[in-house]
Amino acid sequence: MNINSLVRPNIIQLKPYASARDEFKDFKKSMTFLDANENPFETGLNRYPDPQQSALKIRLSSIKDCNANQLLLGNGSDEVLDLIFRAFCEPGKDKVILLPPTYGMYEVLANLNNIETIKIPLNTDFQPNVSDILKASNSNCKILFLCSPNNPTANSFGAEVIEELLLKFKGIVVIDEAYIDFSEQESWSSRLAEFPNLIIIQTLSKAFGLAGIRLGIAIASPEIISILNRIKPPYNINQLTQQSALNKLENLEIVTNQIELIKNERIRVLSALQNIDFVRKRYSSDANFILVQVDDANKRYQQLIDKEIVVRNRTKEPGCNNCLRFTIGTSEENTKLLTVLKSLT
Ligand SMILES: *Cc1c(COP(=O)(O)O)cnc(C)c1O
């Protein structure tokens, strides 16, 4: 597959902005920097951040078992997703395929970029409908978004299903792995070499507990990463974010322990929900949240609000009639949720 043939022609021709730190890279602390119009008085934050985030990428590449040139970082996954739209989709002409119910940002970004969406709903098991997806695809369908584990359904897509789509879809396949650290499935990052059209999206917002710093990650071939690098804003990852991410990644044991705790709580909450009489269906979860069908989602949502518990009402999503989404909290928070649910009439 020729990736360049999928890229928008104006992006191929684009001359990227060259920042001061791009033009002079042989950075040594001893040098006198009079090139970027910075304030010279040292505060730890008076200098522009590293536009390529080299230290952070080196650390992430060892954790994710890839090369640093296979990583692009964004101001949250949302920026990474927006860059992918802008690299591959010609406004008013190209299309993307979405599989509802899924993460709402894909559609928002498509609309923002004036890209038509083709929606192929997941089947009743919340799995992709492969033949319908391939039937709907034509040469203007540039991107297929697969969210696995999927938000809000919490399940992962079958590996055979994903593999067939990776092999047969003629455009870019984005696999959004925001919840991969809670999943029994392996990340597709180990299989990147087999699929030149694959972009994996991860984030520090969920398992790594850093939603506040906004750090999203794309993992793909060096070829795709270099295309995205051409169009990213020069200093899109600020100094504080790079520093907090590095600090967090120094001690992964804390992260691993929290993931274990959350997964254990997931089992406990899922099991206790069996004893709530207005719960109609509990969906299995490969993520840090649970989708539950109740008798009347609007009523139960409001009753929880009245008890100062905020969950997500997903009843309007296709295939999610009367469904609520519960994030797994601390043990105390989950116990509070379960106690309140039991008390509702
Ligand atoms: C939470 C979430 C993200 C993370 O977005 P950030 O912008 O990195 O915080 C990405 N994809 C899905 C499906 C999510 O649910």
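The model is predicted, so local features need pLDDT of at least 70 and side-chain atom pairs count only at pLDDT 80 or more, while totals for chains, interfaces and linings use all residues. Residues are numbered from 1 along each chain as its sequence is written, and side-chain values use heavy atoms, with hydrogens and water left out.

**α4 and α5**
- Helix α4 (residues 76-88) and helix α5 (residues 105-112) have axes that come within 10 Å and cross at roughly 45 degrees.
- On the α4 side, Asp 78, Leu 81, Asp 82 and Phe 85 make the contact (heavy atoms within 4.5 Å).
- From α5 come Met 105, Tyr 106, Leu 109, Ala 110 and Leu 112.
- Sorted by class, the α4 contact with α5 has 7 nonpolar, no polar and 2 charged residues.

**α10 and α12**
- Helix α10 (residues 252-272) packs against helix α12 (residues 331-343) at about 5 degrees, with axes 11 Å apart.
- Glu 265, Arg 268, Val 269 and Ala 272 of α10 meet Ser 331, Asn 334, Thr 335 and Leu 338 of α12.
- This α10 contact with α12 splits into 3 nonpolar, 3 polar and 2 charged residues.

**Ligand site**
- The ligand is surrounded by 13 residues, and the closest are Tyr 179, Thr 203, Ser 205, Lys 206 and Arg 214 (heavy atom within 4 Å).
- A ligand nitrogen sits 2.7 Å from a side-chain N or O atom of Asp 176.
- Ligand oxygens are 2.7 Å from a side-chain N or O atom of Thr 203 and 2.6 Å from one of Arg 214.

Note on methods: Axes are lines fitted to C-alpha atoms, for helices over the stretch in contact, and angles run from 0 to 180 degrees between N-to-C directions. Helices (H or I, at least four residues) and strands (E, at least two) are DSSP runs, numbered from the N terminus. Ala, Val, Leu, Ile, Met, Phe, Trp, Tyr, Cys and Pro count as nonpolar, Asp, Glu, Lys and Arg as charged, and the others, Gly among them, as polar. A polar contact is a pair of N or O atoms within 3.5 Å; within protein, one must be able to donate a hydrogen and the other to accept it, and residues adjacent in sequence count only if both atoms are side-chain atoms.
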